[in-house]
Amino acid sequence: MTAADKPEKALEFAMHITAPTTPEEGFDSFRRGWEEQTGAEYPAPAFTAGRAGEFEISARAVTVLDSVIADVPSTSLLGTLRGVPLYEDNRVMVHVVRRNTWRFDRRGVDRLTVPAGRFLVHRSGPPVHETARDTAAKVLILPASAVGPLRGDRLISGAADAPEMRMLLAHVRMIDETLADLTPAGLHAARNTLVELVGGVAAGRSDGSEPRLAAALVRAVKDLIDRRLTDPDLSPAMLARALHISVRTLHRAFATVTADHASIRTGAGAGAGAGAGAGAGAGSADTVAGYIRDRRLEQARLALRAPAGRPSVAEVAARWQFSDSSHFIRAFKSRYGRTPAAYARDCDHAEPPVE
């Protein structure tokens, strides 16, 4: 079944299973719950639970046509993944581990321990023995025919902060945030971008200059900016290096996404191209440098609201990398209509919020 055959709406799934007696019964309960909530079109992976030990797993998942995005915290998972039933072709599985480790063993040929901060990509056809205890991961399941061949069909591992994975995870976050509002055209656009980005992760590269990936690229850039706001070296050049793109490509992506948001706000162009990108940067500055400045000003504003232990204007300016207090004061007043000192005084005299 192809993406075109799937229901043109997203389906959601949520479950927590603790095996009362045996691991086999635990996974059977998990499979029944999965298919009751998502339907026969989305069969759960064929998994044979281990014969010993506990089985406890949770999942929150959404479907994007023929693909699935899931958050899987696993207290105890031991068994063998054997592919997906009822499908002629296999699935491509992506695990991005966020806590502890997930171990994979393909018939003793490929053995990988994937710790937090790394990912694994593999086909679901050949059996893979899995062990995960007190582990959390983002798991993606996509049709192998859409993603294309993997490198020798081997287990592929890498760092979660690799440029191509940053773009994929940024796109996944946008899907999570906008899923309820996606039109059928937007759902197809989100799915197609998801497939392309997973293919880029499997190949170890993504084309940041591809216009269809502009929203994912911009979101990845903004996520990186927000993590490095206090870094004095934060700049368009540093961001471009981190994502293995040119500065020109970076600026062009920002301009493309800004134009798309302007079209959406005026009611024009909210079609398939908007996809999951709507919301990637609406209401923010139109340039990379402008976005960095605005985010730093916002963090400075929040610091000035502190009721106790409030830093001085000079300390705030230094922390958020303004060249000096005068520069910070001018930028703050231009953005918020008051000087930082006046804003702090107004916060002191404001009535406390009603509980």
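Which side chain does Asp 71 meet in a salt bridge? The partner is Arg 60, with N and O 3.2 Å apart. A salt bridge here is a side-chain nitrogen of Lys or Arg within 4 Å of a carboxyl oxygen of Asp or Glu.

A word on ground rules. This is a predicted model, so local features need pLDDT of at least 70 and side-chain atom pairs count only at pLDDT 80 or more, while totals for chains, interfaces and linings use all residues. Residues are numbered from 1 along each chain as its sequence is written, and side-chain values use heavy atoms, with hydrogens and water left out.

Back to that pair. Asp 71 sits in strand S4 (residues 67-81) and Arg 60 in strand S3 (residues 56-64), so the bridge ties together parts that are eleven residues apart in sequence. Helices (H or I, at least four residues) and strands (E, at least two) are DSSP runs, numbered from the N terminus. Arg 60 counts as partly exposed because its relative accessibility is 37%; buried means under 20% relative accessible area, exposed over 50%, and partly exposed in between (1.4 Å probe, protein chains only).

Now on to the helices. H3 (residues 163-178) and H5 (residues 214-227) pack at an angle of about 100 degrees, their axes 8 Å apart. That makes H3 roughly perpendicular to H5, a label for angles of 65 to 115 degrees. The axes are lines fitted to C-alpha atoms, for helices over the stretch in contact, and angles run from 0 to 180 degrees between N-to-C directions. On the H3 side, the residues that meet H5 include Met 167, Ala 170 and Met 174, and on the H5 side they include Ala 216, Leu 217 and Leu 224; contact means heavy atoms within 4.5 Å. The residues of this contact divide into eight nonpolar, one polar and six charged. Nonpolar covers Ala, Val, Leu, Ile, Met, Phe, Trp, Tyr, Cys and Pro, charged covers Asp, Glu, Lys and Arg, and the others, Gly among them, are polar.

Glu 177 and Arg 219 form a salt bridge, with their closest N and O atoms 2.8 Å apart. Glu 177 lies in H3 and Arg 219 in H5, so this pair ties together parts 42 residues apart in sequence. Arg 219 counts as buried because its relative accessibility is 11%.

Further along, Arg 310 and Asp 348 meet in a salt bridge (2.8 Å, N to O). Arg 310 is in the loop between helix H8 (288-304) and helix H9 (313-319), and Asp 348 is in helix H11 (residues 340-349), 38 residues apart.

How values were computed
Angles under 35 degrees count as roughly parallel, over 145 as roughly antiparallel, 65 to 115 as roughly perpendicular and the rest as oblique.
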